[in-house]
Amino acid sequence: MNHPLIQHKLTIIRDKNCGTREFREVVNEISTLLAFEVSRDMPLEDIKIETPMGTANSKCLSGKKVAIVPILRAGIGMVDGILDLIPAAKVGHIGMYRDEETFEPHEYFVKLPSDIEKRQIFVVDPMLATGGSAIMAIDALVKRGVAEENIKFVCLVAAPEGVEALRKAHPSIDVYSAALDEKLENGYIVPGLGDAGDRLFGTK
């Protein structure tokens, strides 16, 4: 996403001197801006409404309702920003942890809205590094009856290797990112922004 505000705010959170409070606030703001772009193709229908001055031919959203599915734990940091724009969206959770030696993801928790298969889903995670967590989260959704065409993946920073892995595993899913960085190094995105979960929650 090349929107100037997204790029400016991304610069703020890349800075190693950005504190926890500011990092959290700016991730929230970027998430709102990303949601604006990701929702650009949501379908509309024509309706008539009465304004104080008369009848207006207007538009309203139609089609599938939205569900936001963060990959725990860092994905939680993006949820409120999207809810600011789409407050009626439901929120599911998929818990993943990464083996620090193999960098392989492991699923430990899945809790989704009961009508998840009927919704347009935004899977959110600040980082798309190896792609393992994203692929496993999408696999978990597909296993529960969600069609791939109803899923979009939204992140702050992506590595080329992660994008390639996700495209190979799920070629029909669109990936939205504020930045495509240079490479992976020891499982981390370079230049990236560090460990998003630690920076969001002040942990090490």
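User: By class, how many nonpolar, polar and charged residues does the lining of the second largest pocket have?

Analyst: In this predicted model, local features need pLDDT of at least 70 and side-chain atom pairs count only at pLDDT 80 or more, whereas totals for chains, interfaces and linings use all residues. Residues are numbered from 1 along each chain as its sequence is written, and side-chain values use heavy atoms, with hydrogens and water left out. The lining of the second largest pocket has six nonpolar, two polar and three charged residues (Ala, Val, Leu, Ile, Met, Phe, Trp, Tyr, Cys and Pro count as nonpolar, Asp, Glu, Lys and Arg as charged, and the others, Gly among them, as polar).

User: Which residues line the second largest pocket, and what volume does it have?

Analyst: A pocket is an open set of points on a 1 Å grid over the protein atoms alone, where a 1.4 Å probe fits and protein lies on both sides within 12 Å along at least five of seven lines; lining residues have an atom within 4 Å of a point. Here the lining is formed by Met 42, Leu 61, Ser 62, Gly 63, Lys 64, Lys 65, Val 66, Ile 86, Ala 88, Ala 89 and Arg 119, and the volume of this second largest pocket is about 180 Å³ (the space filled by probe spheres set on the points, which are joined across faces, edges and corners).

User: How many residues line the largest pocket, and which lie nearest its centre?

Analyst: The largest pocket, which holds about 650 Å³ of space, has 31 lining residues, with Arg 98, Asp 125, Met 127, Ser 133 and Asp 195 nearest its centre. Among the elements that give two or more residues to this lining are strand S3 (66–72), strand S5 (93–98), helix H4 (132–143) and helix H6 (196–201) (helices, H or I of at least four residues, and strands, E of at least two, are DSSP runs numbered from the N terminus). By class, the lining of the largest pocket divides into 18 nonpolar, eight polar and five charged residues.

User: At what angle do helix H1 and helix H2 pack?

Analyst: Two packed helices are described by the angle between their axes and the distance between the axes. Helix H1 (residues 4–14) and helix H2 (residues 20–38) have axes 9 Å apart and pack at an angle of about 160° (axes are lines fitted to C-alpha atoms, for helices over the stretch in contact, with angles from 0 to 180 degrees between N-to-C directions). H1 and H2 are therefore roughly antiparallel to each other (over 145 degrees; under 35 is roughly parallel, 65 to 115 roughly perpendicular and the rest oblique). The contact of H1 with H2 comprises 11 nonpolar, no polar and three charged residues.

User: How do H4 and helix H5 cross, and which residues make the contact?

Analyst: The axes of H4 and helix H5 (residues 160–169) come within 9 Å and cross at roughly 25°, which makes H4 roughly parallel to H5. Ala 134, Ile 135 and Ile 138 of H4 make the contact with Ala 165, Leu 166 and Ala 169 of H5 (heavy atoms within 4.5 Å), and the residues of this contact divide into six nonpolar, no polar and no charged.

User: How are H2 and helix H3 placed relative to each other?

Analyst: The axes of H2 and helix H3 (residues 76–85) come within 7 Å and cross at roughly 50°, and H2 and H3 are therefore oblique to each other. By class, the contact of H2 with H3 has seven nonpolar, five polar and two charged residues.

User: Which peptide bond has omega near 5°, and where is Asn 186 found?

Analyst: Most residues other than glycine have a negative phi, and most peptide bonds are trans. The bond from Leu 72 to Arg 73 is cis, with omega near 5°, and Arg 73 is found in the loop between S3 and H3. Another cis peptide bond joins Val 190 and Pro 191, with omega about 0°, and Pro 191 has its place in the loop between S12 and H6. Asn 186, in the loop between strand S11 (183–185) and S12, has a positive phi, near 55°.
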